[in-house]
Amino acid sequence: MEVINTIAALKMLLKPRKLAQQKIALVPTMGALHKGHVSLIKIAQQNADVVVCSIFVNPTQFTDPKDLEKYPRPLQHDIEMLQEAGCDYVFMPAVTEMYPTKENWHIDLGDAEFLLEGEFRRGHYQGVTQIVKKLFDAVEPELAFFGQKDFQQVLMIRHMVAYFKLPIQIVSCPIIREDDGLAMSSRNIHLSSEDRKNALVLSEALKYVQERFEEFTVEDLLKGAETIINEAEGVELDYFTIANGETLLPENNKETPNLVALVAAKVGQTRLIDNMILN
Ligand code: AMP
């Protein structure tokens, strides 16, 4: 596995692979890797000849400077994990490599940009799509792998790809969970042991909805899920919604295809998100 820091070096290394018609896959991450990230690498390996994983904590997608400052960066551990997973190239650029000058990126990502995470983190998806476009330009992959864990992010990236008409296939991969159901996240490291227990209500509420989906109305499902979360200690709910997976607008009709339950809450000082697809 090679670790690369510049776009020029990365392009040089990938050039012969492309000339040999090898399929290149990209897995963008912000590091602090866990089994969820490794699952993306494994799925990428099954679908491509060469897997590039990027590690870059992208400043333009953070809406809270404290969140950026305290984002975990265990680089040595990350490199070892990727080596073990059999990743081919790790791209770890400096901020100045990705942003040599200040750029006021703004593209039309559609109305869903301003819903859910977009409402709580204004401008977040402009920053996300900005860095992903830069990574796509650097790697020029045929395929790129993202986690369903960040459901709205996958949707926004699909919009960005359509906007620029990029020849890149976006693949959404299943959420990897701890044994007790908590969705793996780089942010879980910030949870105290008390928070860690309380955080379970997120996946429990989603499961409650998924298991009763055929039986209950959307209104009753939402009431039940919100009660589960609101009764938990130290958990402050931002939203729990059953939405159309394309528009992210709330949906009452259970016959609508592509319904998804999405939740975000602050557990102690840590904001967590999770979701489950319902039909
Ligand atoms: P991040 O480093 O948090 O930006 O995540 C990098 C990629 O890993 C994103 O596409 C995430 O959606 C994905 N990811 C994060 N957590 C999980 C998880 N628990 N299961 C599967 N994919 C995940």
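This is a predicted model: local features need pLDDT of at least 70, side-chain atom pairs count only at pLDDT 80 or more; totals for chains, interfaces and linings use all residues.
Contact here means heavy atoms within 4.5 Å. In the helix pair, H1 contributes Ile7, Leu10, Lys11, Leu14 and Lys18, which meet Asp137, Ala138 and Val139 of H7. Sorted by class, this contact of H1 with H7 holds five nonpolar and three charged residues, with no polar ones.

Two packed helices are described by the angle between their axes and the distance between the axes. For helix H1 (residues 7–19) and helix H7 (residues 124–139), the axes come within 8 Å and cross at roughly 50°. The two helices, H1 and H7, are therefore oblique to each other.

Attention now turns to the sheet. Strands S7, S8 and S9 form an open, antiparallel sheet in the order S7-S8-S9. The edges are taken by strand S7 (235–244) and strand S9 (270–277); each has a single partner strand, so one side of each is left without a neighbour in the sheet. On average, and with direction ignored, neighbouring strands of this sheet are turned by 15° against each other. Strand S8 (residues 259–267) runs antiparallel to S9 and is joined to S9 by eight bridges. Lys266, for instance, has Arg271 in S9 as its bridge partner.

Helix H10 packs on this sheet and touches S7, S8 and S9, with a direction about 20° from that of S9. Glu211 belongs to H10, which spans residues 200–212. With a relative accessible area of 51%, Glu211 is exposed, the cut-off being over 50%. Between Glu211 and Asn253 lie 17 Å in space, C-alpha to C-alpha, and the two residues are 42 residues apart in sequence.

How values were computed:
Residues are numbered from 1 along each chain as its sequence is written. Side-chain values use heavy atoms; hydrogens and water are left out. Helices (H or I, at least four residues) and strands (E, at least two) are DSSP runs, numbered from the N terminus. Buried means under 20% relative accessible area, exposed over 50%, partly exposed in between (1.4 Å probe, protein chains only). Axes are lines fitted to C-alpha atoms, for helices over the stretch in contact, and angles run from 0 to 180 degrees between N-to-C directions. Angles under 35 degrees count as roughly parallel, over 145 as roughly antiparallel, 65 to 115 as roughly perpendicular and the rest as oblique. Ala, Val, Leu, Ile, Met, Phe, Trp, Tyr, Cys and Pro count as nonpolar, Asp, Glu, Lys and Arg as charged, and the others, Gly among them, as polar. Two strands pair if DSSP finds at least two bridges between them.
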